Amino acid sequence: MSSVTMEATNILPVLKKKLAFLSGGKDRRSGLILTIPLNSDQTSMEELSATLDYLLSIPSEKCKARGFTVIVDGRRSQWNIVKTVVLMLQNVIPAEVSLVCVVKPDEFWDKKVTHFCFWKEKDRLGFEVILVSANKLTRYIEPCQLTDDFGGSLDYDHSDWLNKRLVFEKFTKESTSLLDELSIINDGDKSSGSVDKDKSADCTLLPSFDPETVLQTGHELLSELQQRRFNGSEGGGGGGGGGGQGGPAWRPMEEELLAQPQVMKLLDSLREQYTKYQEVCRQRNKRTQLDEIHTKVMQVVNWLQGPGSELLKTHQAIGDSMRAAQALQQKHEEIESQHSEWFAVYVELNQQIAALLSAGEEEEVAELKTLQQQLSDVCYRQAAHLESRQNVLQAAQGFHSTTQELSQQLDGLLGMLCADVAPADGASIQQNLKLLEEKLQTVEGGLTSLRQKGAQLLEQMCGQPSWPLEETESPAGEQQDNIQQIQGVMEEMQLRKQRCEDMVDVRRLKMLQMVQLFKCEEDALQAVEWLSELLDALLKTHVRLGDDAQETRTMLDKHRKFVDVAQSTYDYGRQLLQATVVLCQSLRCTTRSSGDTLPRLNRVWKQFSVSAEERQQRLELALNFHTTAERVLQQEYVDTESLDDVDSLGKTLLDRLTMPVIFPDGEQYFGSPSDTAAAAEGVRERLLLVEERRLQQQEARLQNEDEEEGVLNGQDARLDVIGEELSEKEEQDDDEEEEEGAGQQDEDLDRSTQDC
């Protein structure tokens with residue numbers, strides 16, 4: 001393998017200018033083709049010399065021995081520059097150059113001068129120089145070995161070649177350095193491992209490069225080289241680009257430039273040394289892991305059995321309030337945080353021990369299992385104590401939270417019971433009573449929940465795991481104090497709830513009585529409204545008197561039932577008002593009374609009574625009128641007195657229809673004038689029938705009974721006057737009796753109201 005004396009990174013800006021390049025093409029002697037593309041710009045001979053030195057350092061000696069064919073492209077340059085370049089080749093590669101092809105431009109230089117100069121210098125140069133046009137270059141080189149600049153078919157990408165070259169040199173440099181370092185590390189471990197097995201097992205001597213990264217770079221480079229070969233391009237990234245094969249006689253380019261074999265050899269050596277290095281590190285790590293594990297296990301065990309256990313034993317309180325329980329919970333979380341750090345160490349140690357046990361090292365298996373068992377026992381026991389303490393604190397918080405909520409509920413219920421009840425109506429009292437019952441049910445539920453929380457807390461406290469005999473046990477006195485505290489809180493809440501229940505019973509009774517009081521008052525007002533409606537219906541709709549005796553008798557019966565309904569309504573109202581008086585006395589409610597309900601009730605009842613009496617009298621008078629009239633009309637012969645009676649009754653009834661109902665505070669007519677006129681029309685029709693009967697009888701006895709009829713008429717008129725006087729006196733007597741009875745009832749009700 002040829003050594004690389006120059007690196008592309010040192011002259012990278014110069015190489016990017018593409019002053020010269022190896023395209024990978026070959027001449028007919030299998031010699032490499034070196035192309036120097038000149039241009040119109042001034043070419044630096046120093047940069048060109050450096051480029052040629054670098055390019056000539058790439059091929060192997062065997063490849064160099066075949067000689068180079070140099071193509072100097074002077075189509076875009078001057079003759080003096082071309083001449084200088086050709087002469088420079090003598091100093092740079094005199095022995096390797098076999099042929100120099102100067103590609104002349106279309107407008108060629110002086111043929112005689114140029115030909116003479118090269119012919120003259122041929123022996124001194126040591127190689128043949130020919131001037132040739134680009135289209136005739138194929139006489140010396142196959143078209144498949146020429147780039148497209150000279151009409152060939154060979155692909156060449158200078159940037160791609162340069163990038164691959166940089167990757168190859170970087171890999172070669174890093175892998176060589178890495179191989180040296182790994183060899184030193186591996187050889188040093190062999191010499192020191194047998195002398196001192198207790199030496200520190202850390203891999204402090206680390207290589208300068210990451211072996212994985214270098215190997216990855218080498219594999220990618222090798223894959224690229226192999227891919228180019230399989231695709232038919234000879235010469236990998238390490239040999240200055242690829243060239244197309246001209247036929248089966250061409251040998252692969254990579255055998256000449258030694259890029260692919262060199263990469264493969266470096267990779268094989270690197271993998272071998274890296275595998276040894278990994279084994280060295282593994283053995284070193286394994287030797288130190290045992291000591292580290294033992295030290296860390298004892299650290300974890302000593303802390304958990306010492307300071308960790310003391311922390312748990314000294315914090316057994318449950319607090320006397322929610323805030324105190326939260327403070328204890330926060331303290332416990334700090335203790336858990338301290339334990340978590342050691343538990344994390346335990347998990348890591350357990351994994352390390354399991355890994356060592358699976359490796360099958362028999363001499364350490366027993367010790368590792370003992371350490372693992374000891375560590376697991378201590379950690380699980382401590383974790384059980386932490387979990388038990390956490391459960392106790394959570395149960396304590398739930399207990400104190402429920403206690404606080406129940407206390408607030410009891411305070412709210414007590415405040416509601418101590419407040420005066422002054423609702424505006426029965427609906428408000430019902431709402432307050434409902435709210436009171438809801439609060440009592442809430443308190444009942446809160447007390448039940450408190451008992452459950454207390455039982456859970458006691459269960460958690462009694463179920464805590466015990467400490468080992470060799471460790472100091474937690475004081476039993478603190479545990480007993482906690483139990484007594486819990487029981488005391490539940491008893492206190494039970495007593496407070498019982499006192500509130502007693503007060504609720506009293507308040508409930510009072511509120512029910514107030515509901516009944518409001519109900520009686522509302523019903524009494526309703527009775528007044530009903531009675532007013534009955535009075536209004538009586539005066540507005542009860543106007544008709546019937547067209548005959550049968551209809552009038554039916555209407556009279558309905559009127560009596562109508563009056564009975566009104567009487568029941570009036571009695572119901574008075575009973576309700578009397579009940580309000582009794583309830584006010586029971587509630588000691590001196591500020592409430594029936595107000596104007598009783599006077600309204602009495603006033604409406606008085607008006608109804610007067611109106612109903614008037615209505616009944618009219619119906620009775622109408623019944624008498626229709627009965628007498630029907631009897632008179634049915635008889636074949638009627639005496640004059642009977643006819644006069646009917647006539648008198650009819651006139652009296654008509655007069656009665658036109659009279660208003662007299663109230664103490666005014667008067668009121670039955671129905672509208674049209675209703676009254678309709679009722680009177682039926683009476684007049686019946687009177688006309690009676691009058692016709694009278695005329696019929698008068699025609700028979702007109703001559704004989706004129707004087708007698710005059711006397712009778714005078715007597716009838718006298719009798720009518722006397723009858724009216726007697727009726728008016730009877731009505732006055734009835735009115736005085738009703739007023740005396742109603743006055744007596746009003747006095748009794750007023751006296752009861754004053755007593756309340």
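The model is predicted.

Five strands make up an open sheet, arranged in the order 1-2-3-4-5, and their pairing is mixed. At the edges stand strand 1 (21–26) and strand 5 (128–132); each has a single partner strand, so one side of each is left without a neighbour in the sheet. On average, and with direction ignored, neighbouring strands of this sheet are turned by 25° against each other.

Strand 4 covers residues 97–103 and is joined to strand 5 by five bridges, the two strands running parallel. On its other pairing, strand 4 is linked to strand 3 by six bridges, and these two strands also run parallel. Leucine 99 illustrates both pairings. Its bridge partner in strand 5 is glutamate 128, while threonine 69 stands opposite leucine 99 of strand 4. Six of the seven residues of strand 4 are buried, so this strand is largely enclosed by the rest of the structure.

**Threonine 69 in strand 3**

Threonine 69 belongs to strand 3. Is this residue buried or exposed? Its relative accessible area is 1%, and because buried means under 20%, threonine 69 is buried. The side chain of threonine 69 makes a polar contact of 2.4 Å with the side chain of aspartate 27. Neighbours within four places in sequence left aside, threonine 69 is in contact with Asp27, Arg29, Leu32, Ile33, Leu34, Leu99, Cys101 and Ile141.

The buried residues of helix 2 are Leu48, Thr51, Leu52, Tyr54, Leu55 and Leu56. At 1.5 Å a residue, the twelve residues of helix 2 should span 16 Å, which agrees with the 16 Å between its end C-alpha atoms.

Helix 4 (residues 79–92) lies across strand 2, strand 3, strand 4 and strand 5. The angle between helix 4 and strand 4 is about 175°.

Threonine 402 is part of helix 12, which comprises residues 362–418. With a relative accessibility of 9%, threonine 402 counts as buried. Which residues does threonine 402 contact, leaving aside its neighbours within four places in sequence? They are Gly446, Ser449, Leu450 and Lys453. Serine 449 is 47 residues away from threonine 402 along the chain, yet their C-alpha atoms are separated by 7.2 Å.

Helix 15 (residues 549–587) contains 39 residues. From its first C-alpha to its last, helix 15 reaches 57 Å, close to the 57 Å expected at 1.5 Å a residue. The N-terminal end of helix 15 is capped by aspartate 548, a side-chain oxygen of which lies 3.4 Å from the backbone nitrogen of glutamine 550.

**Two residues with positive phi**

Lysine 18 and serine 30 are examined next for their backbone angles. Lysine 18 has a positive phi although it is not a glycine, and serine 30 likewise has a positive phi without being a glycine. Where do they lie? Lysine 18 is in the loop between helix 1 (12–16) and strand 1, whereas serine 30 is in the loop between strand 1 and strand 2. Lysine 18 counts as partly exposed, and serine 30 is partly exposed too. The table gives the values.

| Residue | Phi | Relative accessibility |
|---|---|---|
| Lysine 18 | about 60° | 30% |
| Serine 30 | about 70° | 23% |

**Cysteines**

How many disulfides are counted in the model? With a disulfide taken as a pair of cysteine sulfur atoms within 2.5 Å, the count comes to zero. Cysteine 63, at 1% relative accessibility, counts as buried. Cysteine 500 is also buried, with a relative accessible area of 6%.

Terms used
Residues numbered from 1 in each chain as written. Predicted model: local features only at pLDDT ≥ 70, side-chain atom pairs only at ≥ 80, totals over all residues. Heavy atoms only, no water. Helix = DSSP H or I, 4+ residues; strand = E, 2+ residues; numbered from the N terminus. Buried < 20%, exposed > 50% of the residue type's maximum accessible area, 1.4 Å probe, protein only. Contact = heavy atoms within 4.5 Å. Pairing = 2+ DSSP bridges. Axes fitted to C-alpha atoms, helices over the stretch in contact; angles between N-to-C directions. Expected span 1.5 Å × (residues − 1). Polar contact = N/O pair within 3.5 Å; in protein donor to acceptor, adjacent residues only side chain to side chain.
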